[in-house]
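Here is a friendly walk through one protein chain. Please have the sequence and the 3D view open as you read.

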Amino acid sequence: MSQQTQQQPGQQAPLSLVHLSERFRPVHEIKNANAQQINCIDVRPNQLIYVQDCSNSSISIPRTVTKVIIEKCKSCTLTVSTKFMSGTLEIINCEDLTVKILEEIPTITVDTTQRCAIEFDISKYDRRKPQFVWSKCSDLSAVIDNQQHIIPSCETLRPEQDANKAQFRSQFIPDDHQFLNELLIREGAGYATTEREKAESDERERRSLERLRDIMASDAARTSGR
């Protein structure tokens, strides 16, 4: 009789090609590459690129794909020069990684990663701002216009938070030419926002309710005066 490993509550399930294949068909796998230069030209828009356990290698993605996941890689360079169908790049448990974003990628997540530098081509970002979400990371940096921006750790940004649970968003502010690093909080059905954005949203809602009350009071006054 086969045995199944029971996942503990709150434990993240490991990625596997079986799980990925259930969500993305097909999966283009790059695994255990060492000291190689890999140019992903034989890929299709419906494919997910899954890079795992590579070291001292350069991986280039010049063709449109659905999504890219890079996991457990060391001393690698990932160059993205195309948009993704899902707009998502995931970086998981990597070390000494350089990521060059030469096209607009709206959603970049970095998890459990040390010494990662993300280089943005800001000319590709027309409406959105370069940004990424990260958790359980150290020694992160972002480069824009050849200027390096060091991303503070959780312990520096919010020392009262649990570094193993806190999630942050680092967003480039063009007017200040700096990154704004904010703690993410969850609202309602898990929607991610920041304390600043929530306060702004609450203020807009308060003003809307005040205007509504003024309109209703004005209508009631006109009705009673007839």
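This is a predicted model: local features need pLDDT of at least 70, side-chain atom pairs count only at pLDDT 80 or more; totals for chains, interfaces and linings use all residues.

Glu182 sits in strand E15 and Arg196 in helix H3, so the bridge ties together parts that are 14 residues apart in sequence. At 10% relative accessibility, Glu182 counts as buried, whereas Arg196 is partly exposed with a relative accessible area of 31%.

Glu182 also meets the side chain of Arg169 in a salt bridge, at 3.6 Å from N to O. This pair links distant parts of the chain, with Arg169 in strand E14 (residues 168-173) and Glu182 in strand E15 (residues 178-187), 13 residues apart. Both Arg169 and Glu182 are buried.

## Other salt bridges

How many salt bridges are there by this rule? The count comes to eleven. One of them joins Arg128 to Glu104, with 2.8 Å between the closest N and O atoms. Arg128 lies in the loop between E10 and strand E11 (131-135), and Glu104 in the loop between strand E8 (95-101) and strand E9 (107-111), so the pair ties together parts that are 24 residues apart in sequence. Here Arg128 is partly exposed at 45% relative accessibility, while Glu104 is buried at 10%.

Now look at Glu203, Arg206, Arg207 and Glu210: a network of salt bridges links these residues.

## A nonpolar patch

Leu209, Leu212 and Met216 make a nonpolar surface patch of about 290 Å². Leu209 belongs to helix H3 (residues 195-224) and is partly exposed, with a relative accessible area of 41%.

Most residues other than glycine have a negative phi. Which way does the phi of Asn56 go, positive or negative? For Asn56 the value is positive, near 50°. Asn56 is found in the loop between strand E3 (48-52) and strand E4 (58-61), and its relative accessible area of 48% makes it partly exposed.

Arg115 is not a glycine either, yet has a positive phi of about 55°. Arg115 lies in strand E10 (residues 114-120) and counts as partly exposed at 37% relative accessibility.

## The chain as a whole

Stepping back, the protein chain has three helices and 16 strands. Of its 226 residues, 36% count as buried. The accessible surface comes to about 13700 Å², and 45% of that belongs to carbon and sulfur atoms. Among contacts between residues at least 6 apart in sequence, 23% join residues at least 24 apart.

Definitions and conventions. Residues are numbered from 1 along each chain as its sequence is written. Side-chain values use heavy atoms; hydrogens and water are left out. Patches are made of residues with over 30% relative accessible area and no salt bridge: like charges are joined within 9 Å, nonpolar side chains (Val, Leu, Ile, Met, Phe, Trp, Tyr) within 5 Å. Accessible areas come from the Shrake-Rupley method with a 1.4 Å probe; for residues, only the protein chains shown count as cover. A salt bridge is a side-chain nitrogen of Lys or Arg within 4 Å of a carboxyl oxygen of Asp or Glu. Helices (H or I, at least four residues) and strands (E, at least two) are DSSP runs, numbered from the N terminus. Buried means under 20% relative accessible area, exposed over 50%, partly exposed in between (1.4 Å probe, protein chains only). Contact means heavy atoms within 4.5 Å.
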